[in-house]
Amino acid sequence: MAAELGLAALWLAAALSVLQLIGGALAQRDTNSDLAKLVRPAAVMQGLLAGFAFLVLLYLFAVTDLSVKLVAANSHSDKPMIFKLAGAWGNHEGSMLLWITVMALAGGLIGFVERRLPEQTMQATLAAQAFVGLGFYAFLLLSSNPFERLPEPAMEGMGLNPLLQDIGLAFHPPTLYFGYVGLSVAFSFAVGALLTRQVNPDFARAMRPWVLGAWIFLTLGITAGSYWAYYELGWGGWWFWDPVENASLMPWLAATALLHSVSVLAARDALRTWTIMLGVVAFSMSMLGTFLVRSGILTSVHAFAADPERGTFILGLLILYIGGALLLFGLRASSISEGDRFSVTSREGALVFNNVMLSAILGIVLLGTLYPLLTEAFDVRVSVGPPYFNPVGAVFTIPMLMVMAVGPLLRWRQDSFTRVKWPIIISAVVMVAVLALVVILGSYSILADLGLAVAVALGIGSFMPLRGRNLLRVPIATWGMVVAHFGIAVALFGMASESAFSEEKLAAISVGESTQVGPWQVTLDAVEPVAGPNWTAIQANLGASYDGGTSIELTPQSRNFWAPPQETTESVLATRWNGQLYAVVGNEAGDGRWQLRLWWKPFVTLIWYGGILVALGGLLALIGRVKTDLKRRYVVKRAGDRRAEAAS
Amino acid sequence: MTGSGQTGLKAKHQRLVLVVIALVAIIGAGLLAAYALRNEVNYFYLPNQMAANPPEVGQAVRLGGMVQEGSLETLQDGITVAFVVTDQENAVVNVRYSGILPDLFVEGSGVVADGRLGADGVFVADELLAKHDENYVPRELQELEQHKAAETLAATESY
């Protein structure tokens, strides 16, 4: 019964989105027609219905209703509750339902709260949101119905891929999806603004919180995904330039560019068409990412649920929406008047530089990700990895980060470098000094050396906008920028440090023996079998002591899950303030020795702390913007009330 | 010309500078990417391709195929394993790998090895990708698996 309710709610939601689309389209002729007035309520109702359908799916997974195909294929009655729930989105159908739910909820929320823009623009925006949503409803209902019943209830579920049975992964996909799909709002705003030709600072201020919100979730999702890959895959790496990872990085790059250009539009009424373009591109990258992940068209270490037929459907949607939006852009862009002008040496100039560099990096990642598809057409199979992405990306990332250290110091409209001479000199001196130091200390790779130098310079530079100001009076949004920029420096330091100073040890040792990695002495105390709720494992008991200090116990495992039958490697981490010891146990060598793979990774944790700081900065900026905005609205309302009073 | 006219001209000039910088950066990015893609990609080889037309010694490439039954052995040092990768043409490549075998690495199953061919003709792998889970087979190996499934079917049918 529950499954049918969920399905009915989805069909109703899809029907409402048709109403929303038609109403929004008719509203372009007459904003006050009856149908036009239905657009907002339809959006809200659609959000509620999709949310309800998703709750139903969660319920089906919670009670392990084995008459539902999706539950039977992805869950198991033995699973811990949290992973039963996570199983709801740890598969194709469920994750597409999550996608449409987030999209409908976002549409409902703008329908409910957004009152700044002219009603016509809002109706156009909601119509665009409904139009995009409709394609995904069709996809879900016609080819990926999550509520499909089995002819006969299954005796027991197939279980969830053990790699996905991890607390980090339980929250990684929803976080990422909030980001991915949150960008649909920016897309709809951009299309709405193109339709009504209303591109101005008000539009930018209305769009900004949505971009910020989506960007915060994307940042957190990528950070969490990277940490998950780091400890769950047991390979010791934190980023593999895997297509699925790139699929999440590309929308982030576009959203980061959008975030900065929308600020220019809001503050200075410049970069009008460019901002619209980025709004279209950002969500296009989300859809492209979904297509790459869902179609299994690219070889990826975590391309699960590959299905060419579904890939074709998403490809169709992709062409329709991206092509449609770009066509609209091409038709309308010239009719959007040019915004305010500015000098090259100005805040706007620095932000344009940031945007150009981010676009270049986006292009590089996109090319590298799609290149294997291109060569496959000529029957040549290749894979593109770090030797391409790292150096080519760095050529644009490093100059961007250098400008980022001083850009926020520049004034809007027109400024001169002589005014900010000292901060530039200080940053440059710090950078050169650190570079000289690391080059003298040891010869690491050029990229690691440069990374460390730029990280330290940027770390100092990121606080410079605060100099000579009363810290209590600095706007929250400015704090947000400082924290986010500092977070980038912190993450970069972690990445460069991991690349420069990591030490690795591969050893086969018997019980009682020990081995050394960096400052750590690791002893194999015992190897024993252990059992969990749905797995058994071989566990190595390791005693690890840092620099001769007291020994801590570490227990890496090699686990055998029985539903579905699969082996996984459970690595362990010993975290200190200055880095992490990473240990993996392998097979028995045959003569009583056990394989151990150990890494000492100095300051590696800064990568993810940096990511969290970036997201925190985004949150501060969001709070600051919303606060200022509410104040502005209050002032406008008060002024209106007073005028009304005076008139009466 | 009036003062405002001059600043207008200047603004236009500066706008042009921005556009030129942007174009140079994006064209530069494209050219750099194209150049790097020609030189920094790993080509994929099946064992028969590697036997017929081996890559340069030391060049990073990918090798994909089936791990031959009974070929897996652990060497004296306890951390290096040696095995043979084969394909439907029965070409073979000897592979050496130092490290912990991936979870789903099994004899008779597919594997993709990232590494380079040594001067002695042994492929030294830096990383092994095995089947990720029951549902996932590295794309390069899908055809091999299908071929093998067909072969197994033919073998069982003849009984």
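## Annotated span in chain B

An unreviewed UniProt entry lists residues 16-37 of chain B as "transmembrane region"; UniProt positions follow the numbering used here, feature names are shortened, and annotations may be inferred rather than shown by experiment. This span is 100% helix and 0% strand, and its end C-alpha atoms lie 31 Å apart. Helices (H or I, at least four residues) and strands (E, at least two) are DSSP runs, numbered from the N terminus.

## Basis of the values

This is a predicted model, in which local features need pLDDT of at least 70 and side-chain atom pairs count only at pLDDT 80 or more, whereas totals for chains, interfaces and linings use all residues. Residues are numbered from 1 along each chain as its sequence is written, chains are lettered from A and ligands numbered from 1 in the order in which they are written, and side-chain values use heavy atoms, leaving out hydrogens and water.

## Nonpolar cores

A nonpolar core is a set of buried Ala, Val, Leu, Ile, Met, Phe, Trp, Tyr and Cys residues joined through side-chain atoms within 4.5 Å; buried means under 20% relative accessible area (1.4 Å probe, protein chains only). The largest has 171 residues, and A:Phe147 and A:Trp99 are among those with the most contacts inside it. Helix α10 (residues 243-268) of chain A supplies the largest share, 15 residues. Another core, apart from this one, has 21 residues, including B:Tyr45 and B:Phe105.

## Sheet in chain A

In chain A, 4 strands form an open antiparallel sheet in the order β2-β11-β10-β9; two strands pair if DSSP finds at least two bridges between them. 7 bridges join β2(A) to β11(A) (residues 594-602), and A:Leu506 has A:Arg597 as its bridge partner in β11(A).

Note on methods: Buried < 20%, exposed > 50% of the residue type's maximum accessible area, 1.4 Å probe, protein only.
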